Amino acid sequence: MNGDAATDRVIEAQQASRALSLRDYAQILLVTVLVALLLKACVVEAFRIPTASMENTLKAGDFLLVNKFIYGIRTPSTVPFTAIALPRIRLPRLVAPRRGDVLVFELPPYARDAYSNKDERYVKRCIALPGDTLLIRNRRVYVNGEELVVPTVRLSERHLLPRGFGDPRVFPKGSNFNEDQYGPVVLPKRGDTVQLSSTTFFLYKDIIAFEGHTIGLDSTGTVLSDGRPQRSYVITGDYYFVMGDSRDNSLDSRFWGFVPEDLIIGKAMLIYWSWEEDQAHQGFADRFNHIRWERIGTIIR
């Protein structure tokens, strides 16, 4: 009997040890998942380039790492794996976006109806900052009177659109701007007081709505905000102007307006993988032959 009892104790000890190991593994897995979710939500996230709007800097089929920490961590807008909304909080930033930074951002809501049916993320280069005066003349970009030169810009050989040749697709409506001849416009900045009229209505209406107010024009051309006539408005956020490096193949701020700072996700840092996007319908073996090894590990500038 003593031998049987000893055997039973050994078996019980083995079972307890096995149960403890399984519990430890489960805890390690849970912590790993939580840390990964935290890093993805707050620090670094992967992003795929779906279009050629940023060539030659970025190509369709590039996979990026995005630094979400540098411009201030944003808390998730929804509970992970659900559609349950959460209040969004942004922590203090290390640095503000700078001219020339390649930004990843959420498409503003006022652009989604025209260019997207879902909450897509875009990548473009920051051209102008809050408070800057932007002017595009003959495709050359001038900020505060000085030319902004981006060495990686890609232009086609198409005919240059003349000044005064208004494109109805271009922001703001009725401005008589086109993608080659644009501005001057002053980017809205937190604390600025802007004048509201039938002339400036289309320049500011989207950001006033984004900041939580109703906005419209009555039959006399008077601007109504929250149902009352308004001649001025105090901007409560900062706004940026972005463009693709492939200037003739990019839907950007020239077409749908300013990017609110609240929608900036982070700064593109590094290409960690790249293959030719037009091979997407092929099997993995075929796609392996179209990996762009020379782009992997490229720092984005």
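This is a predicted model: local features need pLDDT of at least 70, side-chain atom pairs count only at pLDDT 80 or more; totals for chains, interfaces and linings use all residues.
The strands of a sheet pair through backbone hydrogen bonds, and the pairing may be parallel or antiparallel. In this model, 7 strands form an open sheet in which the pairing is antiparallel and the order is 1-2-16-3-4-14-15. The edges are taken by strand 1 (44–48) and strand 15 (259–260), and because each of these has a single partner strand, one side of each is left without a neighbour in the sheet.

Within this sheet, strand 2 (residues 62–67) runs antiparallel to strand 16 (residues 264–274), and the two are joined by 6 bridges. One place to look for this pairing is Val-66, which stands opposite Ala-268 of strand 16.

Ser-253 belongs to helix 4, which covers residues 253–256. Is this serine buried or exposed? Its relative accessibility is 0%, and because buried means under 20%, Ser-253 counts as buried.

A polar atom of the Ser-253 side chain lies 2.8 Å from the backbone oxygen of Gly-257. When residues up to four places away in sequence are not counted, Ser-253 touches Phe-171, Tyr-182, Tyr-240, Phe-241, Val-242, Phe-258 and Val-259.

## The largest cavity

Rolling a probe the size of a water molecule over the atoms shows where empty space is left. Across the whole structure, a search finds 2 cavities with a volume of 30 Å³ or more, and the largest of them holds about 40 Å³ of space.

The lining of the largest cavity is made up of Ile-136, Arg-139, Val-141, Glu-179, Asp-180, Met-243, Arg-247, Asp-248 and Arg-254. Sorted by class, the residues of this lining comprise 6 charged and 3 nonpolar, with no polar residue among them.

## The second largest cavity

The second largest cavity has a volume of about 30 Å³, and its lining consists of Tyr-110, Phe-171, Leu-203, Asp-206, Ile-207, Trp-256, Gly-257 and Phe-258. By class, this lining has 6 nonpolar residues, 1 polar residue and 1 charged residue. Which helix gives the most to the lining of the second largest cavity? That is helix 3 (residues 201–210), which contributes 3 residues.

How values were computed: Residues are numbered from 1 along each chain as its sequence is written. Side-chain values use heavy atoms; hydrogens and water are left out. Helices (H or I, at least four residues) and strands (E, at least two) are DSSP runs, numbered from the N terminus. Buried means under 20% relative accessible area, exposed over 50%, partly exposed in between (1.4 Å probe, protein chains only). A polar contact is a pair of N or O atoms within 3.5 Å; within protein, one must be able to donate a hydrogen and the other to accept it, and residues adjacent in sequence count only if both atoms are side-chain atoms. Contact means heavy atoms within 4.5 Å. Two strands pair if DSSP finds at least two bridges between them. On a 1 Å grid over the protein atoms alone, a cavity is a set of points where a 1.4 Å probe fits but cannot get out, and a pocket is an open set with protein on both sides within 12 Å along at least five of seven lines; lining residues have an atom within 4 Å of a point. Grid points are joined across faces, edges and corners, and a volume is the space filled by probe spheres set on the points. Ala, Val, Leu, Ile, Met, Phe, Trp, Tyr, Cys and Pro count as nonpolar, Asp, Glu, Lys and Arg as charged, and the others, Gly among them, as polar.
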